[in-house]
Amino acid sequence: ADGKGFASISLAHNLGNRDDVDAMLKEAEKAGAKILRPAAETPWGGRTGYFADPDGFAWEVAWNPGFEILPDGGIKLPG
């Protein structure tokens, strides 16, 4: 009710390589985003971090070695 807290959704941006996660978070921060969780390795072998956009929505920036990034920016899930 007070406009604070988790909006029950986070948006994700999947990237083509591990180093892009750090670069995207830096770019988001320079554009005014608040870093919620810095980039870090994951237990499943990827790398991920979170930022909040100016409206407060959480965005995950991730690299998953099991996802193929398609030419149009979409992802192809394994299997």
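Okay, one term before we start: a residue counts as buried under 20% relative accessible area, as exposed over 50%, and as partly exposed in between. With that cut-off, R18 comes out as partly exposed, because its relative accessible area is 31%. And keep in mind that what you're looking at is a predicted model.

How many salt bridges does a search of the whole structure find? Three. R18 pairs with E41, and the closest N and O atoms there are 2.8 Å apart. R18 sits in helix α1 while E41 is in strand β2, residues 34–41, so this pair ties together parts that are 23 residues apart in sequence. E41 is partly exposed too, at 44% relative accessibility.

Next, D22 and R47. Their side chains meet in a salt bridge, 2.8 Å from N to O. D22 has 26% relative accessibility, so we call D22 partly exposed. R47, on the other hand, is buried, with a relative accessible area of 14%.

R47 also forms a salt bridge with E41, where the closest N and O atoms are 2.6 Å apart. Put together, R18, D22, E41 and R47 are linked in a network of salt bridges.

Now for the nonpolar side. In soluble globular proteins, nonpolar side chains tend to be buried together. Here, the largest nonpolar core has nine residues: L15, V21, L25, A28, A33, A39, F51, V61 and W63. The biggest contribution is from α1, with three residues.

Ignoring neighbours within four places in sequence, L25 is in contact with I35, R37, P38, A39, G49, Y50, F51 and V61.

Last stop, F51. A search of the whole structure turns up one aromatic pair. The partners are F51 and W59: their ring centres are 6.2 Å apart and the planes are at 5°, so the pair is stacked.

Notes. Residues are numbered from 1 along each chain as its sequence is written. This is a predicted model: local features need pLDDT of at least 70, side-chain atom pairs count only at pLDDT 80 or more; totals for chains, interfaces and linings use all residues. Side-chain values use heavy atoms; hydrogens and water are left out. A nonpolar core is a set of buried Ala, Val, Leu, Ile, Met, Phe, Trp, Tyr and Cys residues joined through side-chain atoms within 4.5 Å. Buried means under 20% relative accessible area, exposed over 50%, partly exposed in between (1.4 Å probe, protein chains only). Helices (H or I, at least four residues) and strands (E, at least two) are DSSP runs, numbered from the N terminus. Contact means heavy atoms within 4.5 Å. Rings of Phe, Tyr and Trp (its six-membered ring) pair if their centres lie within 6.5 Å; planes under 30 degrees apart count as stacked, over 60 as edge-to-face and the rest as tilted. A salt bridge is a side-chain nitrogen of Lys or Arg within 4 Å of a carboxyl oxygen of Asp or Glu.
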